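The following exercises concern one predicted model. Please work through each task before reading its solution.

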Amino acid sequence: GVRRKTPKKVRMTKLSFRQSQAGTHDWKKGYISRIRYRMAIMKSCISMLLAVMSIPSAVPCAIKGDIEYVVHLTIDGLRPETVEKNLDQLPTLRKMIEKGASTHNARAEWLETQTTPTHWSMYTSLAIEQHGYSKDEDIGGVYPKSEYKESIFDLVEGNGLRACMFAGKDKFAIFQRSLPMSYYNYISKRDQVADIFINEMKEEPCHYSFVHLIHPDAAGHKYKGAATILNGKVMYDEAVKQADKYLGDIIDFVENTVPFQGRTLIIASSDHGFADVGNHAKTEDIQNYKIPFYVMGPCVAQGADLYDLNKSTRQDPGDGLPHSYEGCQPIRNRDAASLAADALGVTASSGALSDMNATLYLGQEECGGSCPLHDVCSNTPPANTTTTIPPVSVAPPASCKNKRESCSSNTDCCGGLKCHRRKNICKRKKN
C-alpha cells in the first residue's frame, strides 16, 4: 500500500498562542458590532415606517378600486318624498338604495335653488358664492376659468381621459363653451337621452359622463309640482317614473356591457327639489332645497346610509337649511364632483377638488385607506344660518352684444339674449 506522509506538528509558542487568541477576539468583537449596527438600522426603519403609517393619507379614502368610468346623472327637480311614496313603482331608484349608499336628506345650494348655478357647483365642488355664477341662464360667451377655478371636466380632460355631457336644456351651452369636453349633445327630446348616451358609449366610451334627465322638472313647471292630478294620477309622480325608466336603461347597459361592467361608479342626484307652486325659486322652502343623493358601483357598501358612513365629515341637517360653509356640513349635490374625481384618480392638487373632506366615504375599506381622514364633526357645531363667504356678482363677458345689436350666433349675445337667425340681431329669448 501507499504510505501516507505524517504531517509535521506545528509548534505553538506562547507568543503565537497569544496572537491567535487576540485575532479570534477581534473577529468576534467586529461580528457582534456589525449585528448590533444592523439591528439599530432595522429598528430605525421600522420606527419611521410606523410614523408614516400613522399620518393621515393625502389621498381621499373614498375609492381606490378598479373604477375607470363614472356616470353622473342629474334628475332635474327630483323630490325625495316622491321617491319614498312611490318606491315600489321606481325599480331603478330602489335598486340604487338597496345595492348602493344613499340619502334622501342631502341639500342643494342654499343661495339659489336654480338649475344653472347649482350645476356649476356640481361640476366644481364650489358654493355658488365661490364660483360666482348665480344666473339661471346662459349669459353668453365663455365664463372665465379664473372665476370657477377648476372643474371635473378640466381634471378628466387634463389627464388624457374623455369627458362628455348629455344635456337636457339648451342653456347648458354655457358649459360647452366654458368647460373642456370631448363630446357635447343638447338633446331636445327628453325620451332620447338614454339611447343617445348608450350609442355614444358604444362608439367611443366616455370616462366621465354627465347625463341630464329633466322629466320631473318639466312636469313640475307644467303641473305646479305634485299639486295636479289628471285621470287619477299625480302628473309629477308620473314624470319621476319616466325618469326612473331611463335611468334604468342606462344602468342596465353599464352593468351588462364590457368594458363598463364592474368598473363604473354611478352617481345620481338632483339640482333642486320642486315646490307645489309651479317653480323652485324659493330657497327657504324645504321642497326646493331637500334632495336625494345615490351612489352605486364597485367599492360602495350596499344598503348603507351616506350619513352613517361619513359621521366624521357630514351631519344630517334634519329639516334645517345650513347657510354656512364652516362647521359640520350636510351632504350636498356638489359633493358629486369630488367623488367622481377621486374615483377616476384625477383629484386636483389644490382648490375645492383637492380637499380631503370634500369627498365621501363609500364604506368599503379594501377599496380605500383608513377612514375618516379628519374628524371635523365631533368638535364643531353644525353649520349655522349665516354665511361667511361674500356673494360674487356675475358680469357678462365684456365682448357680448346688447339687444338689437348685430350678431352671428348665440354666443355673441349678452345674458338672456339670443341671436335671431334671420335678422342676425340679439333679441330677448322667449320663455
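**Exercise 1: Helix packing**

In H9, Ala194, Phe197, Ile198, Met201 and Lys202 meet Tyr246, Asp249, Ile250 and Phe253 of H11, where contact means heavy atoms within 4.5 Å. Helices (H or I, at least four residues) and strands (E, at least two) are DSSP runs, numbered from the N terminus. Residues are numbered from 1 along each chain as its sequence is written.

*Task.* Determine how H9 is oriented relative to H11.

*Solution.* 
1. Two packed helices are described by the angle between their axes and the distance between the axes.
2. The axes of H9 (residues 193-203) and H11 (residues 235-255) come within 9 Å and cross at roughly 15 degrees. Axes are lines fitted to C-alpha atoms, for helices over the stretch in contact, with angles from 0 to 180 degrees between N-to-C directions.
3. Angles under 35 degrees count as roughly parallel, over 145 as roughly antiparallel, 65 to 115 as roughly perpendicular and the rest as oblique. H9 and H11 are therefore roughly parallel to each other.

*Task.* Classify the crossing of H3 and H11.

*Solution.* 
1. The axes of H3 (residues 91-99) and H11 come within 7 Å and cross at roughly 55 degrees.
2. H3 is therefore oblique to H11.
3. Residues of H3 including Leu93 and Met96 meet residues of H11, among them Leu247 and Ile251.

**Exercise 2: The setting of Glu200**

*Task.* Is Glu200 buried or exposed, and which side chain does a polar contact join to that of Glu200?

*Solution.* 
1. Glu200 lies in H9.
2. Buried means under 20% relative accessible area, exposed over 50%, partly exposed in between (1.4 Å probe, protein chains only). Because its relative accessibility is 12%, Glu200 counts as buried.
3. A polar contact of 2.8 Å joins the side chains of Glu200 and Arg162; such a contact is a pair of N or O atoms within 3.5 Å, and within protein one must be able to donate a hydrogen and the other to accept it, with residues adjacent in sequence counting only if both atoms are side-chain atoms.

**Exercise 3: Strand S5**

*Task.* How many residues of S5 are buried?

*Solution.* 
1. Six of the six residues of S5 (residues 208-213) are buried.
2. Tyr208, Phe210 and His212 point one way, and Ser209, Val211 and Leu213 the other way.

Conventions: This is a predicted model: local features need pLDDT of at least 70, side-chain atom pairs count only at pLDDT 80 or more; totals for chains, interfaces and linings use all residues. Side-chain values use heavy atoms; hydrogens and water are left out.
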